[in-house]
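Look through the sequence and the structure first, then read on.

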Amino acid sequence: MMGEGEVRVSSGGLGYFGVCAFGGMLSAGTTHLVITPLDVLKVNMQVNPVKYNSIASCFTTLLREQGPSVFWRGWAGKFLGYGAQGGCRFGLYEYFKSLYSNIFGDCNRSIIFFLSSASAEVFANVALCPFEAVKIRVQAQPHFAKGLLDAFPKLYSSGGVFGIGFACSFYRGLLPLWGRNLPFSMVMFSTFEHSVDFMYRNVIQRRKEDCSKPQQLGVTCLAGYASGSIGCLISNPTDNIVASLYYRKADSLKLQAIKKIGLLYLFTRSLRIRIMLVGPVVTLQWLFYDTIKVFSGLPTSGKVSTK
């Protein structure tokens with residue numbers, strides 16, 4: 001039964017995919033905006049690991065050298081870029097999941113989850129890539145630009161759309177971005193779907209339809225945190241590479257860090273702060289996303305297996 005203020009949207013139609021895209025855009029954009037200060041710390045630790053060798057030293061050094069406003073640098077790029085990514089990621093995931101389910105049926109759910117999330121993420125990262133390039137330069141190079149509007153033309157003039165030589169351009173980091181976000185998205189969505197199924201079948205032991213909306217959203221939060229944390233572990237090495245490619249001096253600094261710390265650096269550098277970022281952020285994204293779906297008269301995300 002629908003509550004006051006809810007609008008009924010049928011599953012599987014254009015309206016349904018539109019709600020999913022809108023929910024993904026709003027949830028991803030707002031949550032990434034909120035954690036901009038932590039993202040500033042993460043980016044600076046990645047592109048200058050010799051100078052910023054811990055979260056505490058990075059925070060105190062940036063605060064002393066650039067003032068408190070530094071922690072909100074790149075906020076517009078995060079809001080717009082990750083909003084665009086979230087709209088494509090969630091909206092197209094639901095579309096491709098419906099498409100592949102009709103092709104393969106329910107015989108192998110994991111394959112459907114992997115294919116759907118990977119297909120959606122290809123388009124999501126094309127939308128994100130220019131904003132990510134601008135965000136990293138603004139955050140890591142304080143004299144490059146003040147914000148999104150003046151950074152875009154400067155970045156374009158440095159290398160065009162696809163970049164030439166060592167120029168840091170809009171799509172120079174697209175392949176590493178796919179390398180980071182494709183595994184992350186595949187693991188995140190698959191872990192979320194299987195976690196929801198596990199919670200209802202083995203923990204709650206009730207049908208989703210028999211649970212209240214707050215209970216369903218609670219399951220969403222638990223599954224969201226698990227999916228974000230596990231996905232973070234998988235994607236950390238390529239996250240470091242993405243940050244380095246967009247920073248002009250990163251190549252030499254990265255070699256210094258690898259020589260000093262070893263190849264394990266790619267897996268451990270900024271991992272702690274990424275877990276602090278990604279786990280709660282993905283949890284909030286799933287919560288906001290499913291809340292929007294609930295108020296639209298749709299069920300929460302995650303299909304419970306009947307087998």
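## Threonine 61 and the basis of the model

Threonine 61 has a relative accessible area of 10%, so this residue is buried (buried means under 20% relative accessible area, exposed over 50%, partly exposed in between, with a 1.4 Å probe and protein chains only). Threonine 61 lies in helix α3; helices (H or I, at least four residues) and strands (E, at least two) are DSSP runs, numbered from the N terminus. Apart from neighbours within four places in sequence, threonine 61 is in contact with Lys51 and Tyr52, where contact means heavy atoms within 4.5 Å.

The model is predicted: local features need pLDDT of at least 70, side-chain atom pairs count only at pLDDT 80 or more, and totals for chains, interfaces and linings use all residues. Residues are numbered from 1 along each chain as its sequence is written, and side-chain values use heavy atoms, with hydrogens and water left out.

## Aromatic pairs

Rings of Phe, Tyr and Trp (its six-membered ring) pair if their centres lie within 6.5 Å; planes under 30 degrees apart count as stacked, over 60 as edge-to-face and the rest as tilted. By this rule there are 14 aromatic pairs. In one of them, phenylalanine 59 and phenylalanine 71 are stacked, because their ring centres are 5.0 Å apart and their planes are at 20°. The pair links distant parts of the chain, 12 residues apart: phenylalanine 59 is in helix α3 (residues 55-66), and phenylalanine 71 is in the loop between α3 and α4 (75-104). Phenylalanine 59 is partly exposed at 38% relative accessibility, whereas phenylalanine 71 is buried at 8%.

Phenylalanine 90 and tyrosine 289 form a tilted aromatic pair, 4.5 Å centre to centre with 40° between the planes. This pair also links distant parts of the chain, with phenylalanine 90 in helix α4 and tyrosine 289 in helix α11 (residues 271-295), 199 residues apart. Both phenylalanine 90 and tyrosine 289 are buried. Elsewhere, ring pairs join Tyr16, Phe17, Tyr95, Phe96, Tyr100, Phe104 and Phe123 into a cluster.

## Helices α1 and α4

How do α1 and α4 lie relative to each other? The axes of helix α1 (residues 14-34) and α4 come within 6 Å and cross at roughly 150°. Axes are lines fitted to C-alpha atoms, for helices over the stretch in contact, and angles run from 0 to 180 degrees between N-to-C directions. The two helices α1 and α4 are therefore roughly antiparallel (angles under 35 degrees count as roughly parallel, over 145 as roughly antiparallel, 65 to 115 as roughly perpendicular and the rest as oblique).

Residues in the contact include Tyr16, Phe17 and Cys20 of α1, and Trp75, Phe90 and Tyr95 of α4. By class, the contact of α1 with α4 has 12 nonpolar, nine polar and two charged residues. Here Ala, Val, Leu, Ile, Met, Phe, Trp, Tyr, Cys and Pro count as nonpolar, Asp, Glu, Lys and Arg as charged, and the others, Gly among them, as polar.

## Helices α7 and α11

Helix α7 (residues 174-204) packs against α11 at an angle of about 60°, with axes 13 Å apart. That makes α7 oblique to α11. On the α7 side, Phe184, Met188, Phe189 and Phe192 meet Val278, Val282, Trp286 and Asp290 of α11. The residues of this contact are seven nonpolar, no polar and one charged.

Methionine 199 is also in helix α7, and is buried at 16% relative accessibility. Not counting residues up to four places away in sequence, methionine 199 touches Ile204, Gln205, Val219 and Leu222.
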